[in-house]
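Here are my notes on the model, point by point. Have the coordinates open while you read.

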Number of protein chains: 4
Amino acid sequence: MRQEPREIGIGLVGGGYMGKAHAVALSAVGAVFQTALRPRLEVIAASSLASAERYRADFGFARAAADWRALVADPAVEAVVIAAPQATHRAIAEAAFAAGKSVFCEKPLGASISDAEAMVAAAEASGLPNMIGFNYVRTPATQFVRKLLAEGAIGEVTWFRGEHTEDFLADADAPATWRCQGRANGTMGDLAPHMINCALALMGDIAALSAQIETVHPTRPGPEGPVPVDNDDQAQMMVRFSSGASGHLYFSRIATGRKMGYAYEIHGTKGAIRFDQEDQNVVWLYRAEGPEATRGFTKILTGPAHPDYLPFCQGPGHGTGYQDQIIIEARDFLEAIATGTPVWPTFREGLKVARVIETAFASAEEGRWLPVLQE
Amino acid sequence: MRQEPREIGIGLVGGGYMGKAHAVALSAVGAVFQTALRPRLEVIAASSLASAERYRADFGFARAAADWRALVADPAVEAVVIAAPQATHRAIAEAAFAAGKSVFCEKPLGASISDAEAMVAAAEASGLPNMIGFNYVRTPATQFVRKLLAEGAIGEVTWFRGEHTEDFLADADAPATWRCQGRANGTMGDLAPHMINCALALMGDIAALSAQIETVHPTRPGPEGPVPVDNDDQAQMMVRFSSGASGHLYFSRIATGRKMGYAYEIHGTKGAIRFDQEDQNVVWLYRAEGPEATRGFTKILTGPAHPDYLPFCQGPGHGTGYQDQIIIEARDFLEAIATGTPVWPTFREGLKVARVIETAFASAEEGRWLPVLQE
Amino acid sequence: MRQEPREIGIGLVGGGYMGKAHAVALSAVGAVFQTALRPRLEVIAASSLASAERYRADFGFARAAADWRALVADPAVEAVVIAAPQATHRAIAEAAFAAGKSVFCEKPLGASISDAEAMVAAAEASGLPNMIGFNYVRTPATQFVRKLLAEGAIGEVTWFRGEHTEDFLADADAPATWRCQGRANGTMGDLAPHMINCALALMGDIAALSAQIETVHPTRPGPEGPVPVDNDDQAQMMVRFSSGASGHLYFSRIATGRKMGYAYEIHGTKGAIRFDQEDQNVVWLYRAEGPEATRGFTKILTGPAHPDYLPFCQGPGHGTGYQDQIIIEARDFLEAIATGTPVWPTFREGLKVARVIETAFASAEEGRWLPVLQE
Amino acid sequence: MRQEPREIGIGLVGGGYMGKAHAVALSAVGAVFQTALRPRLEVIAASSLASAERYRADFGFARAAADWRALVADPAVEAVVIAAPQATHRAIAEAAFAAGKSVFCEKPLGASISDAEAMVAAAEASGLPNMIGFNYVRTPATQFVRKLLAEGAIGEVTWFRGEHTEDFLADADAPATWRCQGRANGTMGDLAPHMINCALALMGDIAALSAQIETVHPTRPGPEGPVPVDNDDQAQMMVRFSSGASGHLYFSRIATGRKMGYAYEIHGTKGAIRFDQEDQNVVWLYRAEGPEATRGFTKILTGPAHPDYLPFCQGPGHGTGYQDQIIIEARDFLEAIATGTPVWPTFREGLKVARVIETAFASAEEGRWLPVLQE
């Protein structure tokens, strides 16, 4: 008989959208995966004690904390999940590592490249498990694609096209909000990290790029007249991977009709792959083999034969959803703590993404190709 | 501030596939929906105490029971979830109602129409919340379709085609298993209930039908030679709904390539709808309005504008999965207990399905149309 | 060097929709296929000499005829193409065969089963090439499906579902026209023949069936009030093929949103096939072979590797259209005349279709399964 | 009654793939469109008299010419269609205009930008109808998109992504052919013109671009060892349209799985459009209007409500194919000759395309954005 799972005390900073997603994931992960560690929802912190109290009751935590410092300091908290604003990521993570606690941090790693560098340094110095929340890359579908590529299923890859497109600001008359201020909240800061991470995970490093970054709607209506928008609505870049393959990345928050346009197409010398997160249980695979008359893109429905699918659903076609990605992350984070095995993606992957973004801004400024910053 | 949720002790009978799905749902539902009742995983029972013990540890229940009678009798158990073999449904449900406990029962309602009738009688006599687990009908997509039809969005409905097709026995050489024995395990017993329920939910009662039910592969390989198969591999029926619309239902466990072919097409005088569970976040809607040149089937991605979507995912396109359907069921069951409000679907819906199935077997026997048994 | 093509004088009866399609096909077929016989557009006949004159100028025929008798009698006419109302098919064909001229006849073969029988008798007695215009079955896609089935690519076929659905009378308020009168103009008379032909071509004979045929909208607006509709709006039948496979056929002229819903799904023990004429250059093929993780429906785009594709388009993806089907028919008809080789489908296939239809009307009347009339 | 069509003598230079397509189109166009001018297939020229003789017999021309000069000089030839190698375009066109004959020329306009400039000059000096064969832009679907954009159906356009991708050289071991030599035969020379023309037709002029052009497989197997490839396998460019919109164009002959990947996506402030030539009878349209719950991309099947569809097919869903595009071109060329009305696209559109290509080569060389050459 397998061993009784041990409990681990979790502190969650943030109870907004991602905070809730993690609260649900931590509640469910033990029953889904029979993890060796079963999360005990210990402390939740938020922007105010009142908020934290509300989240505590909503999600079933034992206690609410007035701020993240109290949470990190709480001896019952053994691991910290950060789902708070970007600007706070670094301080929370550094404190947690200093207190000897493992950290899961939502993307992006921090608010700037120096934040990201500092966070990687703190994480690696601590020797503790550290994980970043690039959840989309964790679908059974994209994990299967990663496996296909690693096995050479489509030969040598010659082209990667990725996009992360949504339409929440597509209407030129949508009013100005906090999303319209600050580089971190623009398309490059907010949407690009997921797809850049995906590109790196599937293709390896980006060696050089040429980017265009633009604010399509320079003002938006405010209560007292037009408000200037100081961040980007859409951006694109031509890229050269270190492998030699070329590619293109596109990001937009004004892509009318797109809701979760985390999508990519990959061409290889022996096949091709297509994926779109709006249809997250499907991988399209073309293989240049067998008689010409029966070749075509095969619509593969993820199922028990694909990574991380089985624990959710008995059979193929049942389908995983958004929340399942977060549960997979929770499983890996807990396993890393339990066993000391490496986890993926780590803070270092978050830093790589930050460097691509930094290079893109410089390239867009100069209107030419630039090599991507490396350490 | 909203009230602190109250706890409710749950007893779960069965820890197999559906048992696990309910264990996960009960763990997560409070954080997802902020239900007034938060489940406390009290007792789990299974076919043996050893199994029950294993499930207890896997899913985080407080205690394991040697059999369902002990579970039902346990005073800490306030509500019972039945995810055990069909043949046990009736006895468990009757005992639970007698003990004053609400019951959620997996489909089908029982192993026979007399079981189903007895269970409805016991449920209704008790006055307690009773719910049946037709989970597929609870996707945001199908709930949205139900709403569209109720609103007359496609006019008067003239045609409904539904299917529940899978391919787990498509290979003629697949060995004989328990699935090949007993009416309850055939296509009509195992797959048809979901789609018949869906047809009834969307279209209203079926008045008459003409069915064909067949065992395509009469024997399957066994360890000592061919084993006779005594239940059905595929079945179809032409139907006449009480509304006057016609339709067709098809069920198969040998539909090669189909994994979760719970799918339907509906034609109305002013529009049409298509849905396929393999793509559970999409509804296709055609409306015969506006200029001819811009008409077509619209691929609607479920999102915050659709029923039951929002608590899982902030935005459209994030996507719900199989497990989310079970969480929705748990939410409704708990709300019914908390507030006494009606729940849907009840045991009575399970009985309606059983009557359609019973009529179908009679019709197939006689080779002609028969009216559906009504009470 | 290949031989100079010889000319053949063609007489075309009817210049309406199908008449034009044949006029275009006859003009183009020589350049497309380098047929041994090059059509010379000799005489066209229509319902009046004035109409015939107009068609002559429109399509480039040498002469217009006052009626089909003159056309058939014209010595320069060596082969006759019938694209006139159903009621005239028999008389024209009989006269043409009597005059020793090959005949291509649009579907359905005649206005009744006795017409159809007489036409087959006349055709076969003449020993002359005779062909019926089931054009949809002649796409590269469906011809490829026929080949796949013949080769056993999906194993033993267990299920065939076909439909021919359109929506030209979906609006309950669409005014009464000639389409609302006469069995030949109802769904069974007008739309069903194409898909029944397809089912027979792909699956072999239908042994028995149980049909439902209905007039959904019993009256339609006329200039002086409601006009009764005396033919069918939609129809369905469960079928048993002689091969042992089961199936379902559905026909509708009120299927809102469907424009050319000539579509089928086929399940076999080793694979499955899907096709929809609205996407006429695609065949979906599933094969239960290779690793589970890469199985799925493959979207095959017709191309040079498929039957009859190459002469139209150099490469895959270029796409064939409606007119191309008619050109393929013209090619086969001309080749049959030139070489005496068998053509397909012949009048006899038209008769088989008529017998299925006749049986369906009887079955719907009696509400039970009936064996299909055989000769 | 409409007037009897007048005949016009046509000379066709080239009988290969495009030559045949034009021969078929010229044979069929009169019956399809009832054009005022009915083509008389007068003279065909090819690379040798023997070839020309074979094409003459194949396509039904009256005479074969030993070379294009004889064809142009033939008094019975009133209009010239050029479907010969790029290097010959300029000389043929100049001679034809000099002889007072209208010219239809296959794309690209010539083998170089100076050819293109000279051809526009000759065409415009002559005052005669001149047309270039960008056939893909002439589908009912893309013509409908053009109309939608002109009407502002998707608001202000902010993004255009286009590609022309095929896979005929995707296999790294495909042997070296003439396609691997010469700029005109590379991806930019051979595939890019169609999609650049499309982008210009739908979006207006390109103001500036930044391109990457690459030979992925620098050698290919030859009979005596590896042969160097001197032209490009794939290319991409970021573009800025004069309208202010941004975009991306991608061209590839190594895009495994792509057969006719002439495809685009357009985002506007009020909607979006998608099209893929592999599915040439479909336009996907999203409009940001009406209730959120029923929004989505509508799959519009081209039909009688769309430009240039009706003459081919009576109803929607019947479908147009590759050959129909060439017939539409023939119709417009003949109408321009008959009536003197402007035709589209003219040689000038071909020159615009050539200038974008020229700029792309320069930009790729310099690794930076360049303004597009204007006259």
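1. Let's start with a pair at the surface of chain B. B:Glu151 and B:Lys147 make a salt bridge, with their closest N and O atoms 3.3 Å apart. Keep in mind that this is a predicted model. Which of the two partners counts as exposed? B:Glu151 does, because its relative accessible area is 52% and the cut-off for exposed is over 50%. B:Lys147 has a relative accessible area of 41%, so this residue goes down as partly exposed.

2. Compare that with a pair in chain D. D:Asp332 and D:Arg138 form a salt bridge at 2.3 Å, N to O. Where do the two partners sit in chain D? D:Asp332 belongs to helix α9 (residues 322–339), while D:Arg138 lies in the loop between β6 (130–133) and α6 (140–150). They are 194 residues apart, and the pair links distant parts of the chain. D:Asp332 has 16% relative accessibility, so it counts as buried, the limit being under 20%. D:Arg138 is buried as well, at 5% relative accessibility.

3. Chain A has a network worth a look. Salt bridges with shared partners tie A:Arg161, A:Glu163, A:Arg258, A:Glu265, A:Asp276 and A:Glu278 together. One of the links runs between A:Glu163 and A:Arg161, whose closest N and O atoms are 3.1 Å apart. Are these two residues buried or exposed? Both A:Glu163 and A:Arg161 are buried. Over all chains, the salt bridges number 127.

4. Now a charged residue without such a partner. Side chains of opposite charge can pair when their charged atoms come close. B:Lys101 is buried but has no salt bridge. How far away is the nearest side chain of opposite charge? That is B:Asp74, at 6.2 Å, whereas a salt bridge needs the atoms within 4 Å. What does the side chain of B:Lys101 reach instead? The backbone oxygen of B:Val77, at 3.0 Å.

5. B:Lys101 sits in the loop between α4 (86–98) and β5 (102–106) of chain B. Leaving aside residues up to four places away in sequence, B:Lys101 touches B:Val72, B:Ala73, B:Asp74, B:Pro75, B:Val77, B:Glu78, B:Val80, B:Ala96 and B:Leu128.

6. Back to helix α6 of chain B (residues 140–150). How many of its eleven residues are buried? Eight are, and the helix is mostly covered. The buried ones are B:Pro140, B:Ala141, B:Thr142, B:Gln143, B:Phe144, B:Val145, B:Leu148 and B:Leu149. They pack against strands and a helix of chain B: β7 (157–165), α8 (192–203), β13 (261–268), β14 (271–276), β15 (282–287) and β16 (297–301). After α6(B) comes B:Gly152, with a positive phi near 75 degrees.

7. Last, chain A as a whole. Chain A has ten helices and 17 strands. Its radius of gyration is 21 Å, close to the 21 Å from the globule rule for 375 residues, so chain A is as compact as a globular protein of that length. The C-alpha atoms fill a box of roughly 65 × 60 × 40 Å along the principal axes. Of the 375 residues, 64% count as buried. Among contacts between residues at least 6 apart in sequence, 68% join residues at least 24 apart. Chain A exposes about 11900 Å², and carbon and sulfur atoms supply 53% of that area.

How values were computed:
Residues are numbered from 1 along each chain as its sequence is written. Chains are lettered from A and ligands numbered from 1 in the order in which they are written. This is a predicted model: local features need pLDDT of at least 70, side-chain atom pairs count only at pLDDT 80 or more; totals for chains, interfaces and linings use all residues. Side-chain values use heavy atoms; hydrogens and water are left out. Helices (H or I, at least four residues) and strands (E, at least two) are DSSP runs, numbered from the N terminus. Buried means under 20% relative accessible area, exposed over 50%, partly exposed in between (1.4 Å probe, protein chains only). Lys and Arg count as positive and Asp and Glu as negative; His and the chain ends are not counted. A polar contact is a pair of N or O atoms within 3.5 Å; within protein, one must be able to donate a hydrogen and the other to accept it, and residues adjacent in sequence count only if both atoms are side-chain atoms. Contact means heavy atoms within 4.5 Å. The radius of gyration is taken over C-alpha atoms; the globule rule is 2.2 Å times the number of residues to the power 0.38. Accessible areas come from the Shrake-Rupley method with a 1.4 Å probe; for residues, only the protein chains shown count as cover.
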